[in-house]
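Here is a quick tour of a protein model for someone meeting it for the first time. Have a look at the structure, then read on.

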Amino acid sequence: MVNLGSYWHANNITYRIVDKCRSMPLDQVKTIFRKAFDVWEEHTNLHFIYKDEGDVNMEIRFVTGDHGDGENFDGRGSILAHAYFPRYGGALHFDDDELWSPDKYGPGIDLYAVSVHEIGHSLGLKHSHERNAIMAPYYHKYTGNRLYLHVDDIAALNRLYGPNGVASKHWKFSNQNNDLPNICKHAVIDAIERLPNGTIYAFQGSYFWALNELGPLPGYPKRIEDYWPMKGPVDAIVTNSEGYTYIFKNDQYWMLNRLGRPIRGYPKAIKKGLIDIPTSTIDAALTWHFDDKPYFFKKSMYWKYSRFGLPKRWPRHTTEIFNEKGPKRIDAGMKFDEKSTYLFSGERYWKVTGFRYMKIAEGYPRLTARFWFNCDGISHPEK
Ligand SMILES: [Ca+2]
Ligand SMILES: [Ca+2]
Ligand SMILES: [Zn+2]
Ligand SMILES: [Zn+2]
């Protein structure tokens, strides 16, 4: 079965071939990619549109060696290409040290066949265990002059995009990249969470960043509304112990499944769907690693959520966590791993310890910009 990644929330997906390929002229490369995109287009209502200028969804690059994304190519042979899932920008990179041929009859590597596979990754598909699937991890021979999707590829596509494509929202482009927020100048976040795929998402205003232990991933920030089911800003995000994610904005919330895909029927009103939250809006939410239970924060209060009703002795005062010198309110919170949970307020964050009730670990607060966004130029795996 093909594994699923993230997906494009749009029907019209634009692409551009950014670099010259040393093996053949641009027009020929364009023709090959058109043919490769058609293999996918015939099974979805996605449309792939070549765009000569402006922003595009998928950038196709021919590059060599170290080309700036930390995934170096290796000269002729071995690694031929790689592609990013939609969540990481959807770019396709081809090793320009290869001798590329337009089809399987040339002396070089079949650019058409490699492109069809890499486009699958850019659409959000991971590798398949089906030997004959396009998304099988190894290149395979094909009969005739063109490739066809395997039933396993089609099943994965349908799960991501629906048989007729579930995406209806079209991409909006802003050409003013200058108005991207500078997180290092103002590292106050609205919400943060680590999703079941292990990636951390931090939200600020209309934008979000993807991070791992070592810092922000390339290609961010991105606009929230292009990847998530709502517009920014959001108030809070939390993944529960079952892997379901809740995103809160004003008096509503959305739910995502374990793959990070929006569940139908949302948003719902907090008051209707989560009746035991004693407020209509919240500041922050997290799952505490200590008991794997959800906690919510609002102004100077916090409480443990139970679907059976607010447990005794809750809500409680955040001064119990921090003492009187702590922050007046919490902006965001996140379970980081099985041993650590963090609270964020203003430009700073705290590590939570404690037994039964949260307490702050020694040595905190620390600066969010420095430890999570590497604004001092180095990464800090120890948070
Ligand atoms: Ca290579
Ligand atoms: Ca918040
Ligand atoms: Zn690359
Ligand atoms: Zn692959």
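Let's begin with the overall layout: the C-alpha centres of domain 1 and domain 2 lie 36 Å apart. Domain 1 covers residues 12-161 and domain 2 covers 177-373, with bounds that come from an automatic or database domain assignment.

A word on ground rules. This is a predicted model, where local features need pLDDT of at least 70 and side-chain atom pairs count only at pLDDT 80 or more, while totals for chains, interfaces and linings use all residues. Residues are numbered from 1 along each chain as its sequence is written, chains are lettered from A and ligands numbered from 1 in the order in which they are written, and side-chain values use heavy atoms, leaving out hydrogens and water.

**Where the domains meet**

On the domain 1 side, 7 residues are in contact with 11 residues of domain 2; contact here means heavy atoms within 4.5 Å. Together the two domains bury about 730 Å², 37% of it on carbon and sulfur atoms. That area is the accessible area (1.4 Å probe) that two parts lose on being put together, summed over both. Which residues of domain 1 lose the most area to domain 2? They are R87, Y88 and L160, together 69% of what that side buries.

What about polar links? Between the domains there are 5 residue pairs in polar contact, both at pLDDT 80 or more. A polar contact is a pair of N or O atoms within 3.5 Å; within protein, one must be able to donate a hydrogen and the other to accept it, and residues adjacent in sequence count only if both atoms are side-chain atoms. Salt bridges across this interface number 0, the rule being a side-chain nitrogen of Lys or Arg within 4 Å of a carboxyl oxygen of Asp or Glu.

**Links along the chain**

The structure as a whole holds 15 salt bridges. In one of them, the side chains of D96 and R22 meet at 3.6 Å, N to O. D96 sits in the loop between β5 (92-95) and β6 (100-101) and R22 in the loop between β1 (12-17) and α1 (26-41), so the pair ties together parts that are 74 residues apart in sequence. Helices (H or I, at least four residues) and strands (E, at least two) are DSSP runs, numbered from the N terminus.

| Cis bond | Omega |
|---|---|
| Y220 to P221 | about 5° |
| Y364 to P365 | near 10° |

P221 is in the loop between β11 (215-216) and β12 (222-223), and P365 is in the loop between β24 (357-360) and β25 (366-367). K299, although not a glycine, has a positive phi of about 50°. You'll find K299 in the loop between β18 (293-298) and β19 (301-304).
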